[in-house]
Amino acid sequence: MSEIVYLNGEFMPLEDARIPVLDRGFIFGDGIYEVIPVYSGHPFRLPEHLARFERSHQAIRIANPMSDAEWTRLVRELIARNAGDDQSIYLQVTRGVARRDHAFPKDVKPTVFGMSNLLSTPAREVVDGGVHAITAIDYRWLKCDVKSTSLLGNCLLRQAAADADAIEVVMFRDGFLTEGSSSNVFVVKNGVVLATPKNNLVLPGITYDVVVELARANGLPIEVRPITEAEVRSADEIWVTSSTKEVLAVTSLDEKAVGSGKPGAVFGRMYKLYQDFKSTVMRQAA
Ligand code: PLP
């Protein structure tokens with residue numbers, strides 16, 4: 001089964017999809033995107049992903065070209081037309097095609113693109129062994145709450161992690177934790193889960209919300225507040241969360257063991273809560 005993508009109203013094989021070189025997504029990175037995990041054929045937290053997508057449209061002043069019902073139909077169609085029970089659906093909207101000029105063109109139609117990739121959630125050995133991360137100064141822009149396709153900062157930072165054989169980069173701005181290049185970061189100290197506040201310096205992760213909700217619903221002490229670099233460096237546990245990584249324990253930071261150097265007890269609890277929650281939601285959707 002070849003990969004089927006959606007481009008501006010049509011479904012087609014990936015290799016047939018073309019956009020003009022003057023698309024502002026190509027020229028300026030002038031666009032936004034979403035990534036939605038799909039388990040056993042069911043999109044996870046789709047309304048929340050579409051609500052964030054709508055906020056991204058508003059933030060960059062593109063009129064959302066589709067209603068939530070239309071996006072939902074498109075997501076379901078992409079799932080049906082592509083292989084795999086577990087997929088990750090990627091949606092992207094750019095401002096459209098126009099002569100190169102930084103200011104917004106008038107009367108252009110947004111470019112709408114959707115594709116599916118196979119979703120491989122982290123393998124058991126990765127969950128049980130934990131992952132390595134490095135740290136870096138967060139030098140990205142001041143609108144990190146917008147899920148923008150302008151990801152050069154994130155790519156440079158992630159490559160620094162890849163160069164160090166690390167899975168992610170944990171970033172600090174002005175001495176405080178922000179997030180990873182493509183994940184949110186949680187810290188555990190003395191049994192308390194610490195989460196960064198949602199502001200313009202971090203992406204409001206859908207997985208972040210699930211983790212905060214699960215902690216609150218299951219009596220895990222959690223504080224949402226600014227977290228200092230010193231707190232991260234002396235943490236008992238560090239977790240990264242995202243739609244494709246789910247919840248992973250960082251067991252070494254800048255080559256120093258985090259806590260015992262193994263995924264901690266609180267992580268173990270949250271990982272199980274997350275997997276159970278996923279199973280329940282998917283059973284209800286079936
Ligand atoms: N932060 C950044 C910069 C991201 O790119 C992502 C996801 O790709 C996240 C956080 C996690 O967001 P979500 O849980 O919605 O996947």
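Colleague: Is the crossing of α2 and α3 left-handed or right-handed?

Modeller: Bear in mind that this is a predicted model. Helix α2 spans residues 46–59 and helix α3 spans residues 68–81, and their axes lie 11 Å apart at an angle of about 120°. With the angle known, the sense of the crossing of α2 and α3 remains to be given, and it is right-handed.

Colleague: Are α2 and α3 oblique or roughly perpendicular to each other?

Modeller: The angle at which α2 and α3 pack is about 120°. Since roughly perpendicular covers 65 to 115 degrees and roughly antiparallel begins over 145, the pair falls in the remaining class, and α2 and α3 are therefore oblique.

Colleague: How many nonpolar, polar and charged residues does the contact of α2 with α3 have?

Modeller: From α2 the contact draws on Leu-46, Leu-50, Phe-53 and His-57, which meet Asp-68, Trp-71, Thr-72 and Val-75 of α3. Sorted by class, the contact of α2 with α3 comprises five nonpolar, two polar and one charged residues.

Colleague: Which residues of α8 make the contact with α6?

Modeller: The axes of helix α6 (residues 206–217) and helix α8 (residues 265–285) come within 10 Å and cross at roughly 105°, and α6 is therefore roughly perpendicular to α8. On the α6 side the contact is made by Thr-207, Val-210, Val-211, Leu-214 and Ala-215, while on the α8 side the residues are Met-270, Leu-273, Tyr-274 and Phe-277.

Colleague: By class, how many residues in the contact of α6 with α8 are charged?

Modeller: The contact of α6 with α8 has eight nonpolar residues and one polar residue. The number of charged residues in this contact is accordingly given as none.

Colleague: How many disulfides does the structure hold?

Modeller: Cys-144 is in no disulfide, and the nearest cysteine sulfur, that of Cys-155, is 13 Å away. Seen from Cys-155, which is likewise in no disulfide, the nearest cysteine sulfur is that of Cys-144. A disulfide would need the two sulfur atoms within 2.5 Å, and the number of disulfides in the structure is zero.

Colleague: Is Cys-144 buried or exposed?

Modeller: Cys-155 has a relative accessible area of 47% and is partly exposed. For Cys-144 the relative accessible area is 6%, and because buried means under 20%, Cys-144 is classed as buried.

Colleague: Where is Arg-61, and what is the value of its phi?

Modeller: Arg-61 is found in the loop between α2 and α3, and at 65% relative accessibility this residue counts as exposed. Although Arg-61 is a residue other than glycine, its phi is positive, with a value near 60°.

Colleague: Which strand holds Glu-246, and is that residue buried or exposed?

Modeller: Glu-246 has a positive phi of about 60° although it is not a glycine. The residue lies in strand β14, which runs over residues 246–253. At 2% relative accessibility, Glu-246 counts as buried.

Colleague: Which residues does Thr-94 touch, not counting residues up to four places away in sequence?

Modeller: Thr-94 has its place in strand β5, residues 87–94, and is buried, with a relative accessible area of 3%. With residues up to four places away in sequence set aside, Thr-94 touches Asp-23, Gly-25, Asp-30, Gly-31, Ile-62, Pro-110 and Thr-111.

Key: Residues are numbered from 1 along each chain as its sequence is written. This is a predicted model: local features need pLDDT of at least 70, side-chain atom pairs count only at pLDDT 80 or more; totals for chains, interfaces and linings use all residues. Side-chain values use heavy atoms; hydrogens and water are left out. Axes are lines fitted to C-alpha atoms, for helices over the stretch in contact, and angles run from 0 to 180 degrees between N-to-C directions. Helices (H or I, at least four residues) and strands (E, at least two) are DSSP runs, numbered from the N terminus. Angles under 35 degrees count as roughly parallel, over 145 as roughly antiparallel, 65 to 115 as roughly perpendicular and the rest as oblique. A crossing is left-handed if the near helix is turned anticlockwise from the far one by less than a right angle, and right-handed if clockwise. Contact means heavy atoms within 4.5 Å. Ala, Val, Leu, Ile, Met, Phe, Trp, Tyr, Cys and Pro count as nonpolar, Asp, Glu, Lys and Arg as charged, and the others, Gly among them, as polar. Buried means under 20% relative accessible area, exposed over 50%, partly exposed in between (1.4 Å probe, protein chains only).
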